[in-house]
Amino acid sequence: MMALVEQAHGYAVTLVVSDKPDAPGFVWARDQGIATFALSPKGIGKAAHEAAIDKALRGAGVETIALAGYMRLLSDAFVARWRGRIVNIHPSLLPKYKGLDTHARAIAAGDAIAGCSVHIVTEELDGGEVLGQGEVPIEPGDTPDTLAARVLAAEHGLYPRILSAFVAR
């Protein structure tokens, strides 16, 4: 999220939303003076949680949602309301390794290359159109953590660039 703010070109981050008000990126955004909205879904349910997020996003004039570290699955109804306007960064070269544990899965498969993908969010988990990818070699002795660190560096270069192109089209 910090990379999206710091490297913004052709877009502005107008609101940062989180279900965890103590998340480091959320705190950083608030400290930078960026508007923030935090709400836990606990005790209110998914539908009410997403309705509150939708209201906050629309109230802030958001046109595109860029997910970054948001580890909750969005409901089909939420995705439908924002169809074609939600993008996400995923730590694999989609369509390979949808979901979790992507680095461990790539290493276990003996892949030579891993990476990240920016894609449009659809109702299918990590199944939307891929807008761009960044490759990272898997090195001998890599662990999921060492690979994750290199993929994260690639994400920080890829995501702002792809988001800029996406909002410009």
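Modeller: Partly exposed means a relative accessible area between the buried limit of under 20% and the exposed limit of over 50%. Keep in mind that this is a predicted model.

Biologist: Thanks! Is Glu139 buried, exposed or partly exposed?

Modeller: Glu139 has a relative accessible area of 41%. Buried would need under 20% and exposed over 50%, so Glu139 counts as partly exposed.

Biologist: Happy with that. Which residue does Glu139 meet in a salt bridge?

Modeller: The N to O distance of this salt bridge is 3.9 Å. Glu139 sits in the loop between β6 (130-137) and α6, and its partner is in helix α6 (residues 144-168), 11 residues apart. The partner is Arg150.

Biologist: Arg150 also forms a salt bridge with Asp142. Is Asp142 buried or exposed?

Modeller: The closest N and O atoms of Asp142 and Arg150 are 2.4 Å apart. Arg150 is partly exposed at 24% relative accessibility. Asp142 has 13%, so it counts as buried.

Biologist: Let's move to Arg81 and Asp54. How many residues apart in sequence are the parts that this pair ties together?

Modeller: Their side chains meet in a salt bridge of 3.8 Å, N to O. Arg81 lies in helix α4 (residues 76-81) and Asp54 in helix α3 (residues 46-59), so the parts tied together are apart in sequence by 27 residues.

Biologist: Nice. One more: which side chain does the side chain of Asp111 join in a polar contact?

Modeller: Asp111 lies in the loop between α5 (102-108) and β5 (113-120), and at 16% relative accessibility it counts as buried. The polar contact is 2.7 Å, and the partner is Tyr97.

How values were computed
Residues numbered from 1 in each chain as written. Predicted model: local features only at pLDDT ≥ 70, side-chain atom pairs only at ≥ 80, totals over all residues. Heavy atoms only, no water. Helix = DSSP H or I, 4+ residues; strand = E, 2+ residues; numbered from the N terminus. Buried < 20%, exposed > 50% of the residue type's maximum accessible area, 1.4 Å probe, protein only. Polar contact = N/O pair within 3.5 Å; in protein donor to acceptor, adjacent residues only side chain to side chain. Salt bridge = Lys/Arg side-chain N within 4 Å of Asp/Glu carboxyl O.
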